[in-house]
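User: Please take a close look at the aromatic residues of this protein and at the nonpolar core around them. A connected account would be appreciated.

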Amino acid sequence: MKSILEFEKIVEKFSSVTFLTIYVREAHPTDGWAINNSYNLPQAISNSDRIKSAQILKAQAANIGTILADAIGDEIEQFFSALPERLAIIKNGKVEYVGGPGPFGYDLDEMVEKLEAILKEN
């Protein structure tokens with residue numbers, strides 16, 4: 001996730017909002033298109049592997065909300081075209097905002113503006 005520290009600040013600022021981070025397929029696995037990063041994870045081949053990867057993320061970025069793991073069939077990643085990352089706002093079961101796909105369309109400022117507008121509606 002681009003700028004986890006920035007995202008953590010947003011989670012702190014909007015403490016009344018429930019944030020979910022859904023760990024999807026590894027964008028830069030050690031057994032694929034690897035880059036030098038702090039996680040160094042292979043591509044998950046089972047739900048258990050995916051959950052372990054999500055737990056590693058949670059251990060290193062504790063304040064990014066609840067972390068869920070997409071099933072190994074990648075249903076959530078495919079629905080939102082979320083590889084490597086994507087922001088979405090869901091309110092009462094309705095998708096209110098979907099940002100551009102990361103890394104280039106990943107815009108925290110845009111998401112915050114939309115979130116603030118949604119919160120003002122209440």
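**Aromatic pairs and the nonpolar core**

F79 is exposed, its relative accessible area being 62%. F80, by contrast, is buried, with a relative accessible area of 17%, which places F80 under the 20% limit for a buried residue. These values come from a predicted model.

Two aromatic pairs are found when the whole structure is searched. One of them joins F7 to F19 in an edge-to-face arrangement, with 5.8 Å from centre to centre and 85° between the planes. F7 belongs to helix α1, whereas F19 sits in the loop between α1 and β1 (20–23), so this pair ties together parts that are twelve residues apart in sequence. Both F7 and F19 are buried. F79 and F80 also form an edge-to-face pair, with a centre-to-centre distance of 4.9 Å and 80° between the planes.

F7 leads on to the core. The largest nonpolar core has 22 residues, of which F7 and M111 touch the most other members. Elements contributing two or more residues to this core are α1 (4–13), α2 (47–60) and α4 (108–120). The largest share, five residues, is that of α4.

Beyond its neighbours within four places in sequence, M111 contacts I10, L87, I89 and Y97. The strands β3 (residues 88–91) and β4 (residues 94–98) run antiparallel and are joined by four bridges. Within this pairing, A88 lies opposite V98 of β4. Two residues separate β3 from β4 in the hairpin that they form, and N92 in the turn has a positive phi of about 50°.

Notes: Residues numbered from 1 in each chain as written. Predicted model: local features only at pLDDT ≥ 70, side-chain atom pairs only at ≥ 80, totals over all residues. Heavy atoms only, no water. Pairing = 2+ DSSP bridges. Core = buried A, V, L, I, M, F, W, Y, C linked by side-chain atoms within 4.5 Å. Buried < 20%, exposed > 50% of the residue type's maximum accessible area, 1.4 Å probe, protein only. Contact = heavy atoms within 4.5 Å. Phe/Tyr/Trp six-rings, centres within 6.5 Å; stacked < 30°, edge-to-face > 60°.
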